[in-house]
Amino acid sequence: MSPPAPTYRVAIIGGGPAGLMAAEVLSGAGVAVDLYDAMPSVGRKFLLAGVGGMNITHAEDYSAFVGRYGERAERLRPLLDAFNPGALREWIHGLGIDTFVGSSGRVFPTDMKAAPLLRAWLKRLRENGVRIHTRQRWLGWDDHGALRIAGPEGETRVDAHATLLALGGGSWARLGSDGAWVPLLAARGVAIAPLQPANCGFEVAGWSAHLREKFAGAPLKTVSLALPGVTPRKGEFVLTATGIEGSLVYALSAQIRDTINRDGVATVLLDLLPDRTQSQIASALAKPRGSQSMAKHLHRQLKLDGVKAALLRELADAETFQDPQALATAIKAMPIRLLRPRPLDEAISSAGGVPFDALDDNLMLQRLPGVFCSGEMLDWEAPTGGYLLTACFASGRYAAEGMLRWLQTEEPTATQG
């Protein structure tokens, strides 16, 4: 594709992975790029994702990888095909950052940090001529289609031949993803799927004071969770003061949330000992315990103690503890009723946003020619494990390439919206 004339000027709203990737593609094609971000610096949520280890993508089989995007897998497939996990790793290597594959298949920078990658990337962008404007909040459009941008020195108007919106979803507002763009697009007739928590914790009706005070924050390791009729997932999660959260919960969060939306409540089944069968557990519990307390019996026969034993006491009635078969059943399928997700602003990511049906094949809004969307503000979700970042990178790149095609064919004037 031959690049458009360098006299074209594009505005990118949002300095996360999607917006920065689009800036790279566009500036590399000779387009003048101005990137605006409301925060004091760009990539703030990206940096937070790197705390404890920057999981950039995943090395599993590609068809399985695409399947992680659930109902939006086929919508996202063209974007991911154009910039798959292997291509993403090569791009990172081009920034001088080495990567490795962990035992779980997750891909990390060798030093496990996000900051060096972001620094190298911003250096490249500035060398390509990208102008980054921070503390600049997008307020929509004026009556003539110019972008309204508010900064410390007041409001300005920006004319652009095309605009990319890469404003993130609705989680972690303090890092810039506050969902403030929703009413701005809705006012222009763009249908928006409501933003909802994804990769989030859930609340129960209420734990006992004893469980909250002694075990809130305690991890439950080597357990499995399942919704009724769904294959259990093995892993770990954390007991919180209000309910449950953590990686195993996040893996099921979309199904749990959708069940709550439909039924008003979701019941997950917790297996405290997934590596032992119910008959093995029942046989162990049926052994005489003599004068031993039930707590010591559980520990001696099953190594079941701590937060696991406390949660069993919390959720199983006294009669269950008198019957080895009933207790074994409880240990293998303990029901936990979940009433609601934790607030959106606490979630790792969000579901909902701009539906793909509102976009053309270039990720341009059909109601707003010259306005493109990418990243988490699109209506998709994915589990943690590198899937979120990969799709953000891929969608930013795809939208930028769509902008280049549109600029070449439409020859727009320097306002739209």
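T222 is found in strand β13, which covers residues 219-226; strands here are DSSP runs of E with at least two residues, helices are runs of H or I with at least four, and both are numbered from the N terminus. The model is a predicted one, in which local features need pLDDT of at least 70 and side-chain atom pairs count only at pLDDT 80 or more, while totals for chains, interfaces and linings use all residues. Residues are numbered from 1 along each chain as its sequence is written, and side-chain values use heavy atoms, with hydrogens and water left out.

What makes T222 stand out is its backbone: phi is positive, at about 50°, although T222 is not a glycine. Most residues other than glycine have a negative phi. With a relative accessibility of 39%, T222 counts as partly exposed, a class that sits between buried (under 20% relative accessible area) and exposed (over 50%), using a 1.4 Å probe and protein chains only. L363 is another non-glycine residue with a positive phi, this time about 65°. L363 sits in the loop between β19 (349-353) and β20 (371-373), and its relative accessible area of 3% makes L363 buried.

Next comes a loop serine. S171 lies between β10 (162-165) and α7 (181-186), and S171 is buried, with a relative accessible area of 0%. Its side chain makes polar contacts, meaning pairs of N or O atoms within 3.5 Å in which, within protein, one atom must be able to donate a hydrogen and the other to accept it, and residues adjacent in sequence count only if both atoms are side-chain atoms. The side chain of S171 reaches the backbone oxygen of A347 at 3.3 Å and the backbone oxygen of I348 at 3.4 Å. Leaving aside residues up to four places away in sequence, S171 touches a set of residues that includes K45, S177, L344, D345 and E376, where contact means heavy atoms within 4.5 Å.

On to the rings. There are 12 aromatic pairs in the structure; rings of Phe, Tyr and Trp (its six-membered ring) pair if their centres lie within 6.5 Å, with planes under 30 degrees apart called stacked, over 60 edge-to-face and the rest tilted. W138 and W141 have ring centres 5.0 Å apart and planes at 85°, so this pair is edge-to-face. W138 is buried at 7% relative accessibility, and W141 is buried at 9%. F372 and W406 also pair edge-to-face, because their planes stand at 75°, with centres 6.1 Å apart. F372 belongs to strand β20 and W406 to helix α15 (residues 387-410), so the pair ties together parts that are 34 residues apart in sequence. Both F372 and W406 are buried. Elsewhere, ring pairs link Y62, F65, Y69, W380 and Y387 into a cluster. R313, meanwhile, lies over the face of F321, 4.1 Å from the ring centre; a charge sits over a ring if NZ of Lys or CZ of Arg is within 6 Å of the centre and within 35 degrees of the ring normal.

Finally, the chain splits into domain 1 (9-196 + 350-410) and domain 2 (202-341), with bounds from an automatic or database domain assignment. Their centres, taken over C-alpha atoms, are 39 Å apart. The contact takes 4 residues from domain 1 and 4 residues from domain 2. Between them the domains bury about 410 Å², 36% of it on carbon and sulfur atoms; buried area is the accessible area (1.4 Å probe) that two parts lose on being put together, summed over both. Q196, E381 and T384 supply 71% of the area that domain 1 buries against domain 2, more than any other three residues.
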